[in-house]
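Here is a colleague's note for someone opening this structure for the first time. Please keep the sequence and the 3D view at hand while reading the numbered points.

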Amino acid sequence: MIPEIGHFALILTLFVALAQGGITLAGAARGNATWIGFARPAARAQFSLVAISFVLLMWSFIVKDFSVSYVAVNSNSQLPWFYRMAAVWGGHEGSLLLWLLMQTGWAYAVSLFSRQLPDVMVARVLGVLGLVTAGFLLFVLLTSNPFERLVPAPMEGMDLNPLLQDVGLIFHPPLLYMGYVGFSVVFAFAIAALLAGQLDSAWARWSRPWATAAWLFLTLGIALGSWWAYYELGWGGWWFWDPVENSSFVPWLVGTALIHSLAVTEKRASFKNWTVLLAISTFALSLLGAFLVRSGVLTSVHAFATDPRRGVFLLMLFAVVVGSSLLLFAIRAPKVGLGGRFELFSRESLLLVNNVLLAVAAGAVLLGTLYPLFIDALGMGKISVGPPYFNLVFVPLMVPALLLIAVGPVANWKRAKLRDVLKQLNLPLFVAVVAGVGVPFLYGRWSALVALGIALAAWIATAVVMGIFKRMRATRSGLLAQPRSWMGMHIAHLGMAVFVVGVTLVMGYETEQDIRMAPGQTVTAAGYELTFRGVRSELGANYAAQVGDIVLSRDGRQLRLMHPEKRNYFFSEMPMTEVAIDANGLRHLYVALGEPLADGAWSVRVHYKPFIDWIWIGCILMALGGLLAISDRRYRLKRREKRTAVIAQEAKA
Amino acid sequence: MSRFLFPLIGFVVLLGFLAFGLTLKPSEVPSPLIDKPAPAFTLPQLANPGETFSPDAMKGKVWLMNVWASWCFACLEEHPVIRELTTEHGVPVVGLNYKDIRNEAISWLNRHGDSYLVTVSDTQGRVGIDYGVYGVPETFLIDQTGVIRYKHIGPVTHDAVRDTILPMIRELEK
């Protein structure tokens with residue numbers, strides 16, 4: 001009964017979503033206040049209904065109801081309860097339900113935090129979101145129903161994919177989806193503005209916090225995915241240029257361009273068409289990512305069950321949503337004015353270059369991802385595009401973009417003086433050269449790429465710190481008194497510098513050794529001694545493990561015990577590697593068990609990863625910057641002013 | 001208006017490729033081993049490790065080599081289909097027990113039935129590497145002269161037996 005209620009709630013949501021899309025958009029077109037008023041309650045109803053069906057699916061997992069096909073495939077009676085809960089989004093159908101929960105959740109958030117917006121605008125935005133929700137609901141109900149029953153019910157479930165039995169899984173997909181789906185809000189704002197024919201600074205100001213919020217979730221989601229792949233796959237890599245990774249990275253790149261472009265549109269009313277196109281593209285690329293992952297068009301380490309019907313449906317959904325938006329763009333864009341003029345050298349022009357670089361980089365990654373498909377479609381054989389292509393294309397594009405990070409914030413809007421800008425960049429340049437030359441020497445091995453990376457990071461970091469100090473001196477106030485959106489920008493840029501340090505040093509100085517270790521044997525790796533004590537068997541909740549005991553020491557001083565594992569999950573087919581990591585913020589020592597060899601010896605893989613934590617710390621800083629930016633006073637102030645105005649009016653009446 | 005149509009045009013081209021992509025199956029990477037002689041090996045038999053087995057013993061017969069392991073859930077799923085192949089259709093199937101523990105493999109066969117002509121132990125997975133095994137289960141169809149004719153990736157299904165594997169075997173046996 002419970003799963004049927006969940007299913008029924010989803011069907012109801014479809015009708016509410018369709019009604020919301022139809023009624024509110026028509027109301028906005030005709031100026032009918034009653035119809036417009038339907039937008040907010042409908043958003044609330046959709047969110048409640050989807051939340052009910054989500055909780056009911058989770059309930060089926062908790063009580064181990066294997067008569068629900070999705071539960072039987074993705075769970076098992078021996079699976080611990082927290083993984084049973086996370087297993088709700090461990091497979092295709094449930095992850096779509098999570099997607100819907102977030103889609104309706106974002107729409108509900110828009111209905112809550114849009115008091116200062118004109119009701120017509122809110123109606124259009126929520127109407128567009130309702131139509132998008134309806135599209136995904138149709139997809140779920142017609143091709144991927146998570147509540148489908150299995151008759152007869154099996155005694156035992158097939159277990160969750162062991163790769164996914166990890167804390168990483170609990171948080172990675174929700175964060176990523178929050179990002180993907182969040183961009184649908186920005187998309188809806190863009191479509192609403194195009195429909196109304198009002199592409200102006202106000203539209204950009206309303207969109208900005210939503211774009212930044214979606215972007216910060218996407219940033220965290222990608223970072224968490226990378227961290228998860230790093231310690232769970234046991235290969236020691238943190239980014240693989242895998243099609244699924246790329247399909248989250250491309251929207252991130254375009255989304256980054258979008259938040260910068262929105263800044264220009266808000267402050268100077270320029271780039272309006274470009275911004276609107278970016279807003280459409282970001283969401284379109286999120287949809288494309290969903291299509292690529294779910295349709296099985298590309299092969300990837302992320303195995304989702306693929307079904308041709310799903311691919312066809314998603315492609316149609318993609319075609320309708322993006323095609324109609326681009327058509328609307330083609331009709332409306334020519335009437336949009338050009339906005340504020342600016343000189344060849346100004347903050348606008350610098351941001352334009354940044355936008356172009358990011359867009360080209362996104363295009364290059366997308367091209368590499370889809371290239372095997374193009375070649376196959378043209379009958380030219382089967383190929384795969386690997387990391388060499390991506391590194392070759394991506395790195396040269398990012399170097400000028402990173403250089404600009406320091407330049408943009410010190411250049412004036414409208415018209416900047418080259419001499420003034422250069423004067424402010426003397427110190428960053430000096431620090432960059434010193435650090436770039438010095439760091440490789442500290443590590444004892446010269447590498448031009450390391451020098452370049454470190455110099456860029458130092459260049460950005462110095463400029464950020466200088467910018468903050470200058471402003472504090474000019475305003476004669478402390479760090480906390482500064483506007484949060486301004487601080488957010490600097491923190492995010494600093495995060496980028498930290499990220500670059502991590503990437504550069506890992507790529508430049510990581511080492512990897514495959515060692516044969518017999519019990520009692522000590523080997524030296526990356527300046528540490530590792531003593532192998534042997535391997536014992538252990539039994540987990542739903543797996544049997546072989547656990548290695550390795551003593552880590554340096555210069556004869558014992559540091560700690562490390563326990564890399566090899567697990568065999570009882571109900572699935574994969575043996576899993578659980579790595580042991582010794583981390584201290586400046587480096588990781590990463591130990592993975594390989595294969596058993598003769599006489600109790602094992603092959604052991606030891607990686608030395610300098611500064612790898614900085615990659616993820618950098619991402620967290622970027623997200624933190626985004627969080628600061630959306631918590632800025634001016635967004636809260638508007639609402640309070642409006643509310644006091646309303647109260648004053650009511651008092652008068 | 002024209003230049004504002006470019007995004008739409010680009011999108012339509014992309015859609016065309018994606019739609020075509022749906023008709024392709026990239027996961028069906030052709031095995032380089034098809035129509036090549038099956039790699040030779042000599043491995044101990046699972047039931048009595050004193051005895052060995054090598055593919056030469058099957059010369060003159062059309063047979064299947066089924067890669068399985070006791071830790072593999074999908075192998076359990078295909079197990080009834082394998083039994084059907086051996087009992088109802090009389091196809092000789094040799095089991096390659098892949099990266100498994102001997103006792104567990106034997107008790108798995110005791111529990112679920114053993115219809116293999118013989119099962120050999122590839123504890124280290126060396127032979128698996130020669131055959132390009134990248135997931136269990138996989139099944140190879142080998143002809144009278146010891147040439148690999150077909151490779152089935154994943155659990156063998158009734159449909160695959162009826163539509164592909166049996167017709168190929170009957171054709172080869174002519």
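1. Two strands are said to pair if DSSP finds at least two bridges between them, and the strands themselves (E, at least two residues), like the helices (H or I, at least four residues), are DSSP runs numbered from the N terminus. This is a predicted model, in which local features need pLDDT of at least 70 and side-chain atom pairs count only at pLDDT 80 or more, while totals for chains, interfaces and linings use all residues. Residues are numbered from 1 along each chain as its sequence is written, and chains are lettered from A and ligands numbered from 1 in the order in which they are written.

2. In chain B, strand S6 (residues 138-142) is joined by five bridges to strand S3 (residues 63-68), and the two run antiparallel. Five bridges also join S6(B) to strand S7 (residues 148-153), again antiparallel. Thr139(B) takes part in both pairings, as the bridge partner of Asn66(B) and as the residue opposite His152(B) in S7(B). S6(B) and S7(B) form a hairpin with five residues between them, and Gly146(B) in the turn has a positive phi of about 80°.

3. Chain B as a whole has five helices and seven strands. Its radius of gyration, taken over C-alpha atoms, is 21 Å, well over the 16 Å that the globule rule (2.2 Å times the number of residues to the power 0.38) gives for 174 residues, so the chain is more spread out than a compact globule. The C-alpha trace spans about 80 × 40 × 30 Å along its principal axes, and 33% of the 174 residues count as buried.

4. In chain A, helix H8 (residues 167-196) has 30 residues and reaches 45 Å from its first C-alpha to its last, close to the 44 Å expected, the expected span being 1.5 Å times one less than the number of residues. Because 25 of its 30 residues are buried, H8(A) is largely enclosed by the rest of the structure. Just after this helix, Gly197(A) takes a positive phi of about 70°.

5. A nonpolar core is a set of buried Ala, Val, Leu, Ile, Met, Phe, Trp, Tyr and Cys residues joined through C-beta atoms within 7 Å. The largest one has 190 residues, and those touching the most other members include Val125(A), Val186(A) and Phe189(A). H8(A) gives the largest share of this core, 18 residues. A second, separate core of 37 residues includes Leu43(B), Phe53(B), Tyr98(B) and Val161(B).

6. Four strands of chain A form an open antiparallel sheet in the order S1-S10-S9-S8. Its edge strands are S1 (511-517) and S8 (580-583), each of which pairs on one side only. Strand S9 (residues 587-596) and strand S10 (residues 602-610) pair over eight bridges, and His588(A) has Lys609(A) as its bridge partner in S10(A).

Notes
A residue is buried if 20 or more other C-beta atoms lie within 10 Å of its own, exposed if 12 or fewer, and partly exposed in between; C-beta atoms are placed from the backbone.
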